Amino acid sequence: MSKLDKMKEKYDGIPIPEELTIRVQQEILRSQRQQEEKDNAAHRNRFRRIISNMAVTAAAVCILFTAALNTSPVFAVEAAKLPVIGGLARILTFRSYETEKDDIVVAVEIPTIEMIEKDTGTSVDGINQEILARCNEYADSAVLRAEEYRTAFLETGGTLEEWAKHNIKITVSYEIKQQGNDYLSFVVRGTENWTNAYNQSKYYNLDLRTGKLVTLEDMLGSDYAKLADRSIRQQISERQNAGETFFTAEQGGFTGISEDTKFYINQNNDPVIVFEKYEIAPGSSGEIEFVIEG
Amino acid sequence: MKSTLYEGLIQYILENQERFYRVAYSYTRHQEDALDAVQSAVCKALEAHESIKNADAVKTWFYKILINECLTVLKKRSRLVLTADAAEQETYCEKGYEQGDDLEQELNKLDIDVQGIIKLRFFEEMSLKEISAITGFNLNTVKTKLYRGLKLLKENIQEADL
């Protein structure tokens, strides 16, 4: 039936509105975001299991880590660069690499905690393992996302040259907040320079006496939420008076902290609560910090 | 692994979005409605991605959702049209898909199920088995509906030619 063929031709020629890609992309991004939140929750649970299994796995992990550290030339170089800042432990770059494929640059710097005094009886291998897994997972999924973006870009008429100009870069890095006698506090960040949707930051606060991660409750007592909320509200109103803008509660602004609220420990051993860009204020304010003096 | 199925679904959607749009457009014959149908199909598919058991079924599974969304849009519209002026119906026929072709006109007169089967078979070039999975009719029903539809088309066109 040639008339059907003609109709098929016409069907194939149905013009595709530009809006299609945008609307499809919108749904995908939204879903990926939800998915990531779910994954994070699962990850937290997994992390708890790792900690509880730590005693069992510690021996095995120990061998693995020692072998990796000793065979990594990067480690030797990086370790030489870092001064020892007293204390019981320090942060080292466990692994650092930069790769480039399809004009997607991946720069990764994975930290690891090293106990300097070996006989403290504490083990940080579980935490180190979690950091490593998290960094690798982030880098892998970010590369996947960038590759998807590349495919979509090329399929919708973009050229390789235009793609290269995007200068896509995925970064995993860390920043030490405090490296003292009592606490070790640092943040590991993952960023993709073409989207904010997947940026991740994870704060690690280690009590060096116990070798355990510290919670806000450990720092401020059982009334920590009330205490921190009061202090943050007061600081917000002070800053508003000084001309800063914050979202209202209806706009998704500050409504109170939870046990998952991010924080680090500053040089005075006070917890500093951190809100991500866009979390409680316009993006122009960047990350927002509140020192909670206990 | 579950997450690779999820990534696979995203990949599939990105690669085939234009096909989805054409299907939606052939059902709704309206750009905005077709975009709505595709968008809500993508949204629902991603929300329900955990119900995909294997990667091979993604295609029929997605089309099922998509066609469902198209029918929902059509239903919504027929409710609107009932209350609106009859003249407004004309506005739903867009340029680039004129009603000029007699075969096309005849096709659009057929039962919506039959229309769908013919479109999937000839435009989307799907197997009868795939169509059966998408529409939920069993294979024999799909065959019967397809051949009856084609016969009707032939008859009607010949009549028109006379």
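Me: In strand 2 of chain A, which residue does Glu100(A) stand opposite?
Reply: This is a predicted model. Strand 1 and strand 2 of chain A run antiparallel and are joined by twelve bridges. Across that pairing, the residue opposite Glu100(A) is Val105(A).

Me: In what order do the six strands of the open sheet in chain A lie?
Reply: The pairing in this sheet is mixed. Strand 1 (89–101) and strand 6 (212–213) of chain A are the edge strands, and each pairs on one side only. The order is 1-2-3-4-5-6.

Me: Helix 5 of chain A packs on the sheet; what angle does its direction make with that of strand 2 of chain A?
Reply: Helix 5 of chain A covers residues 125–155. The helix touches strand 1, strand 2, strand 3 (168–179), strand 4 (183–192), strand 5 (195–207) and strand 6 of chain A. Its direction and that of strand 2 of chain A make an angle of about 175°.

Me: Is Thr112(A) buried or exposed?
Reply: Thr112(A) sits in strand 2 of chain A, residues 104–115. Beyond its neighbours within four places in sequence, its contacts are Leu92(A), Phe94(A), Asn128(A) and Ile131(A). A residue needs 20 or more other C-beta atoms within 10 Å to qualify as buried. Thr112(A) has 22 such neighbours inside 10 Å, so the residue counts as buried.

Me: What distance separates the C-alpha atoms of Thr112(A) and Ile127(A)?
Reply: Thr112(A) belongs to strand 2 of chain A. Ile127(A) is 15 residues away from Thr112(A) along the chain. Their C-alpha atoms are separated by 8.5 Å.

Me: Which residues of strand 9 of chain A point to one face and are buried?
Reply: Strand 9 of chain A spans residues 288–291, and its side chains alternate. Strand 9 pairs with strand 8 (residues 271–275) of chain A in the antiparallel sense over four bridges, and Val274(A) stands opposite Glu289(A).

Me: Now chain B. How many helices does chain B have?
Reply: From the N terminus, the elements run α-α-α-α-α-α-α. There are zero strands. The helix count is seven.

Me: Why are helix 5 and helix 6 of chain B called oblique to each other?
Reply: Helix 5 and helix 6 (residues 128–135) of chain B pack with their axes 10 Å apart, at an angle of about 140°. Only an angle over 145 degrees would count as roughly antiparallel. The two helices are therefore oblique.

Me: Which residues of helix 6 of chain B meet helix 5 of chain B?
Reply: The crossing of these two helices is right-handed. Helix 5 of chain B brings Asp113(B), Gly116(B), Ile117(B), Leu120(B) and Arg121(B). By class, the contact has four nonpolar, two polar and two charged residues. From helix 6 of chain B come Ile131(B), Ile134(B) and Thr135(B).

Me: Which helix of chain B gives the largest share of the side that touches chain A?
Reply: 27 residues of chain B are in contact with 22 residues of chain A. Helix 1 (2–28), helix 2 (31–47), helix 4 (102–109) and helix 5 (112–123) of chain B each give two or more residues to that side. The side divides into 15 nonpolar, six polar and six charged residues. The largest share, twelve residues, comes from helix 1.

Conventions. Residues numbered from 1 in each chain as written. Chains lettered and ligands numbered in written order. Predicted model: local features only at pLDDT ≥ 70, side-chain atom pairs only at ≥ 80, totals over all residues. Contact = placed C-beta atoms within 7 Å. Nonpolar A, V, L, I, M, F, W, Y, C, P; charged D, E, K, R; others polar. Buried ≥ 20, exposed ≤ 12 C-beta atoms within 10 Å, placed from the backbone. Pairing = 2+ DSSP bridges. Axes fitted to C-alpha atoms, helices over the stretch in contact; angles between N-to-C directions. Parallel < 35°, antiparallel > 145°, perpendicular 65-115°, else oblique. Left-handed = near helix turned anticlockwise from the far one by under 90°.
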